[in-house]
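Work through the exercises below with the sequence and the model side by side. Try each task before reading its solution.

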Amino acid sequence: MTARDCKPRSSTTSLSPNNEEMKEEMKRVDRNGYYGRDLALVHHLGFAFHAEACAPGILRILEPVRARGGMVLELGCGSGLLTKELLRAGHRVIATDASPSMLELAAELLAAELLDGDVELRHLTLPDDPVPKADAIVAVGHPINYLPDPDALDRALAAIADALRPPGLLAIDICDLEYGRARRGIPGVARVGETWAVIARYEMPSPDRFIRDITTFLREESGSWRRSDEFHENLLVKVDRVPELLARRGVRARIESSFGDETLDEGLYAVIGEKLAGQELSP
Ligand SMILES: C[S@@+](CC[C@H](N)C(=O)[O-])C[C@H]1O[C@@H](n2cnc3c(N)ncnc32)[C@H](O)[C@@H]1O
């Protein structure tokens, strides 16, 4: 079942499409420009595999937080694919994203799965929106690489570290410079499903910029195909720098090749960390 097949069971999430106030808020916050309606749906239909592959390892890492009933904050939750697994495992979750279309899909998916009881969906655009305090912070699908420049990325990591309540856990994925190197010379990718197709053309104007010119096609009820285009610019980072940055805010982190048994795309790394009591203040 796809999110679009799912009808919201009720308007219990804060993102009921019938809520005029929320519609206005969604217009206001749609300033990031990534993942409009069509690409959000194509991502949901065709790219669920990454969140699903990461979920078992992340759930293992977060087990102590689940055991004590702590709050998990998810950044860049997209259409709720990891959120769903966190909720199924019994976590309390605040799931956030910069894209209103992604949040609408997440609201539909979680309501259809009857999982909307213990979740709050919120618009949150890094690096400047306030990050709510949490006992664990997770993010998959490299939302951190969507930040526009190194300063924004550093500010986002600092805000994330500061929002962790000790003993807090961190599990996020980030694209290293290697992500771009591994794709140099590759013109792009194309994938096709029954009701959707996506073509992404790659450009790497510098070692830390990974640009995708993305065209999607979605089949409409009439049988015709609707085309949309998005331009994504990802900032690639030297992942070795990340533990150093987090350490300044009291989070001890390590870089791993995966969260658990999954294999991450070449150049994508798991950052796994913890913030211990007494480490809250920056040195
Ligand atoms: C590749 S998608 C991954 C979505 C989801 N986590 C998954 O794995 O299916 C990246 C997500 O990051 C979100 N994102 C991009 N820039 C962001 C920002 N500045 N702050 C918060 N989220 C952002 C996008 O809207 C999108 O949902």
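The model is predicted: local features need pLDDT of at least 70, side-chain atom pairs count only at pLDDT 80 or more, and totals for chains, interfaces and linings use all residues. Residue numbers start from 1 along each chain as its sequence is written.

**Exercise 1. Give the strand order of the seven-stranded sheet and describe its pairings.**

Step 1. Two strands pair if DSSP finds at least two bridges between them. The order is β3-β2-β1-β4-β5-β11-β10, in an open sheet with mixed pairing. β3 and β10 (251–256) are the edge strands, each pairing on one side only.

Step 2. Follow β2. It runs parallel to β1 (residues 71–74), with four bridges between them, and M71 is opposite R92. On β3 (residues 119–123), β2 again pairs in the parallel sense, over five bridges, and D97 is opposite H123.

Step 3. Trace the chain from β2 to β3: it passes through helix α6 (residues 100–112) in a right-handed β-α-β crossover. Right-handed means that, with the strands pointing away from the viewer, the path from the first strand over the helix to the second runs clockwise. β1, α5 and β2 also make a right-handed β-α-β unit.

Step 4. Move to β4 (residues 134–139) and β5 (residues 164–175), which are parallel and joined by five bridges. A139 has I172 as its bridge partner in β5. Helix α7 (residues 150–163) packs on the sheet, touching β1, β4, β5, β10 and β11.

**Exercise 2. Decide how enclosed β2 and α2 are.**

Step 1. In β2 (residues 92–97), five of the six residues are buried, so the strand is largely enclosed by the rest of the structure.

Step 2. In helix α2 (residues 37–46), seven of the ten residues are buried, so this helix is also largely enclosed. They are D38, L39, A40, L41, V42, H43 and H44.

Step 3. The buried residues of α2 pack against α3, α6, β7 (196–206), β8 (209–219) and β9 (225–235).

**Exercise 3. Characterise I272.**

Step 1. I272 lies in strand β11 (residues 268–275).

Step 2. I272 counts as buried because it has 21 C-beta neighbours inside 10 Å.

Step 3. Beyond its neighbours within four places in sequence, I272 contacts I61, L170, A171, A253, R254 and E256.

**Exercise 4. Describe the shell around the ligand.**

Step 1. A residue is near a molecule if its C-beta atom, placed from the backbone, lies within 6 Å of it. There are 24 residues around the ligand, of which G76, G78, G141, P143 and Y146 come nearest. The elements giving two or more residues to this shell are α3 (48–61) and α5 (81–88).

Step 2. Sort the shell, with Ala, Val, Leu, Ile, Met, Phe, Trp, Tyr, Cys and Pro as nonpolar, Asp, Glu, Lys and Arg as charged, and the others, Gly among them, as polar.

Key: Buried ≥ 20, exposed ≤ 12 C-beta atoms within 10 Å, placed from the backbone. Contact = placed C-beta atoms within 7 Å. Axes fitted to C-alpha atoms, helices over the stretch in contact; angles between N-to-C directions.
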